[in-house]
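This report concerns aromatic ring pairs and backbone phi values. The sequence and structure are shown below.

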Amino acid sequence: KVLFTMNKEDILIVCALEEETNGKLDGWNVIYTGVGKVNATYELTAELFFQMKLSKTPELVINFGTAGSREIPIHTLVDCTQFIQRDMDAVGLGFLKGETPFEDKIAMNFSYIDNPIGKGYVCGSGDNFVENIENEIVHIDVFDMEAYALAKVCYKIGIDFVSFKYITDNVNEKSANDWKENYSKGITEFKKLLNELL
């Protein structure tokens, strides 16, 4: 396991929406990407190449955001270290659901990175808000809309990555209302965790 042994200056925090942080990450290097895999990919890639030009490439990218889960209780902050593109579906071509055709990896795996939570959940990302898990991949623990894309960028460039997700809903018919009620409540727990990392 690789331990966190770095300063704030070595870390880039990536979130989808500023509303998820309530603007409470002053003093940290933070970018907001917008919702979805395309926005996440573009904004993180652009930021990393900008940092590279300044010779300030981060050693670690941390994603913080909200997510749903079938079993993890609402209001829980979890760590995700494996990432699947859950809306990739080329089953008709003979690939597994979640497997991108002609790639050597189904999941981006950063399990070698240690962190204070240490559960190492599997996060499935897709460009849809999940309210019914009937057709979802069984071994996904956490459902979001950006983390796989962020993990893929970091994997390709060679930067360590971890995602911390605040569980807002239980991926059911109540999910939209539960998310709206809870999306801004996770920042306090996340800030406590950041203090433990350094």
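## Aromatic pairs and positive phi

At 17% relative accessibility, Phe95 counts as buried, where buried means under 20% relative accessible area, exposed over 50% and partly exposed in between (1.4 Å probe, protein chains only). The model is predicted: local features need pLDDT of at least 70, side-chain atom pairs count only at pLDDT 80 or more, and totals for chains, interfaces and linings use all residues. Residues are numbered from 1 along each chain as its sequence is written, and side-chain values use heavy atoms, with hydrogens and water left out.

Seven aromatic pairs are found in a search of the whole structure. Rings of Phe, Tyr and Trp (its six-membered ring) pair if their centres lie within 6.5 Å; planes under 30 degrees apart count as stacked, over 60 as edge-to-face and the rest as tilted. Two of the pairs are listed here.

| Pair | Centre distance | Plane angle | Class |
|---|---|---|---|
| Phe83 and Phe161 | 5.1 Å | 65° | edge-to-face |
| Phe95 and Phe102 | 5.3 Å | 75° | edge-to-face |

Phe83 lies in strand E4 (residues 77-85) and Phe161 in strand E8 (residues 160-169), so their pair ties together parts that are 78 residues apart in sequence; strands (E, at least two residues) are DSSP runs, numbered from the N terminus. Phe83 is buried, at 0% relative accessibility, and Phe161 is likewise buried at 0%. One aromatic cluster is formed by Phe83, Phe110, Tyr112 and Phe161.

Phe102 counts as exposed, at 74% relative accessibility. Phe102 is located in the loop between E4 and strand E5 (107-109) and, although not a glycine, has a positive phi of about 65°. Asn22, in the loop between strand E1 (11-15) and strand E2 (30-32), has a positive phi near 55°. Asn22 is partly exposed at 41% relative accessibility.

Terms used
Helices (H or I, at least four residues) and strands (E, at least two) are DSSP runs, numbered from the N terminus.
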